[in-house]
Amino acid sequence: MRKLIYILILLNFFLPIRVNASQLEVPEAPLSAQEYMPQDEETFAQGLLYIIKSAISAFQPEIAQTLRICLSLIAVIILMSFLESISQYACTTVQLAGVVIISLILLQEAKSMIILGTDTVRQLSEYAKVFLPVITAALASQGYVTTSSALYTGTAIFNTVLSGLISGILVPMIYIYLCVCIANNALHEQMLENLSKFIKWLMTWGLKIILYVFTGYISITGVISGSADATAVKAAKIAITGVVPVVGGIISDASEAVLVGAGVMKNSVGLYGLYAIISICIGPFLQIGAHYLLLKATAAAGSVLSAKSSVSILKDFTTAMGIVLAMTGTLCILLLISIVCFMKGVA
């Protein structure tokens with residue numbers, strides 16, 4: 001496919017070629033995402049609504065499972081709080097027992113969410129590697145040789161760096177973070193608490209730096225241009241900031257690019273790519289997001305009680321799930337912004 005790009009770029013210097021984007025072969029979405037893909041939708045909004053409805057109806061059993069886990073956690077917190085109140089001399093033992101029990105309940109579920117997030121990142125990255133050359137060729141064929149080259153190079157580099165950072169560094173760090181947090185809540189050592197904060201800082205700023213550089217690169221290359229309705233931009237920024245933890249504020253700054261591109265979402269190549277990226281991400285994102293929100297609500301409910309160690313370890317697991325959700329959403333939004341930027345030049 002890359003050879004096709006180079007051929008089109010070379011021919012563009014000699015022949016006034018104009019290739020319709022619909023004539024290019026579009027790689028199919030992975031099997032796991034095809035069940036969410038819309039068939040014949042007139043607008044992007046209708047297709048997006050179809051994907052969201054399909055994803056919500058598909059992952060309802062996972063929500064029920066997470067609710068059962070949260071109810072178990074509430075029961076443990078209530079029990080630990082009661083035991084602490086009646087056995088002041090054995091308070092340390094009760095706190096240790098609470099940390100161990102909650103950790104055992106959450107570890108397997110956390111591992112499943114981390115694996116789900118990692119697999120989603122891998123699928124997004126692999127699909128981008130076969131889809132981006134297609135839309136790059138479409139953009140180059142319209143005469144935007146420099147823009148297509150800059151977009152493809154930048155997006156490919158950031159896709160590779162971010163996916164490698166997530167799978168090679170962030171995921172192992174999440175496991176290390178959870179281990180340190182469990183030890184800290186069990187032993188109450190200041191050094192362990194400082195170490196857990198440092199690991200959390202490294203993970204969050206690793207994602208933030210990648211996004212800052214990416215949005216800066218997109219702005220410098222000039223592919224983000226135009227104007228969108230101010231109210232829509234503000235609404236999108238608020239929504240993205242709230243939905244994606246850790247990095248939502250940074251992602252929301254690029255939301256205007258997506259909204260400006262909405263007016264040109266008419267070619268089959270770009271539109272199919274947007275649907276495919278969203279379909280790959282939507283199921284895992286909703287599942288991890290529901291797990292994150294329910295754990296956060298459980299921790300808030302448990303804070304009313306006096307079982308501080310039990311609630312503390314629960315908050316640490318919630319933080320870890322927030323980072324998993326952030327790394328999944330980050331790559332998805334990065335690719336969506338890139339595709340919209342490509343589509344602005346494709347007829």
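Start at the second largest pocket, which holds about 210 Å³ of space. To be clear about the term, the search runs on a 1 Å grid over the protein atoms alone, where a cavity is a set of points that a 1.4 Å probe fits but cannot leave, and a pocket is an open set with protein on both sides within 12 Å along at least five of seven lines. The volume is the space filled by probe spheres set on the points, with grid points joined across faces, edges and corners. This is a predicted model, so local features need pLDDT of at least 70 and side-chain atom pairs count only at pLDDT 80 or more, while totals for chains, interfaces and linings use all residues. Residues are numbered from 1 along each chain as its sequence is written, and side-chain values use heavy atoms, with hydrogens and water left out.

**Stop 1: the pocket lining**

Select Ser-32, Leu-116, Ile-280, Gly-283 and Pro-284: of the 15 lining residues, these lie nearest the centre of the second largest pocket. A lining residue has an atom within 4 Å of a point. Now colour by helix. Helix H2 (31-34), H5 and helix H11 (268-302) each supply at least two residues of this lining, and H11 gives the most, with five residues. Helices here are DSSP runs (H or I, at least four residues), strands are E runs of at least two, and both are numbered from the N terminus.

What classes of residue make up the lining of the second largest pocket? There are seven nonpolar, six polar and two charged residues. In this scheme Ala, Val, Leu, Ile, Met, Phe, Trp, Tyr, Cys and Pro are nonpolar, Asp, Glu, Lys and Arg are charged, and the others, Gly among them, are polar.

**Stop 2: zoom out**

Show the whole protein chain as a cartoon. You get 12 helices and zero strands. Of its 347 residues, 49% count as buried, meaning under 20% relative accessible area, with exposed over 50% and partly exposed in between (1.4 Å probe, protein chains only). The accessible surface comes to about 16,200 Å², and 65% of that belongs to carbon and sulfur atoms; areas come from the Shrake-Rupley method with a 1.4 Å probe, and for residues only the protein chains shown count as cover.

Contacts (heavy atoms within 4.5 Å) are next. Among those in the protein chain with a separation of 6 or more, residues 24 or more positions apart account for 82%.

**Stop 3: Ser-103, in H5**

Go back to helix H5 and pick Ser-103. Ser-103 is buried, with a relative accessible area of 4%. Not counting residues up to four places away in sequence, Ser-103 touches Ile-182, Ile-313 and Phe-317.

**Stop 4**

The rule asks for a side-chain nitrogen of Lys or Arg within 4 Å of a carboxyl oxygen of Asp or Glu. Both partners are partly exposed: Glu-126 has a relative accessible area of 44%, and Arg-122 has 40%. By this rule the count comes to two salt bridges, and the other is coming up.

**Stop 5**

Select Leu-151, in helix H6. Leu-151 is buried at 1% relative accessible area. Its C-alpha lies 7.4 Å from that of Phe-342, 191 residues apart along the chain.

Further along H6 (residues 145-187) is Asn-184, also buried, with a relative accessible area of 12%. Leaving aside neighbours within four places in sequence, Asn-184 is in contact with Glu-189, Leu-192 and Glu-193.

Next, click His-188, in the loop between H6 and H7. What is the phi of His-188? It is near 55 degrees, a positive value in a residue other than glycine. At 49% relative accessibility, His-188 counts as partly exposed.

Finish at Glu-193, whose side chain meets that of Lys-197 in a salt bridge (3.4 Å, N to O). Being four residues apart in helix H7 (residues 190-221), Glu-193 and Lys-197 are separated by about one helical turn. Glu-193 is partly exposed, at 28% relative accessibility.
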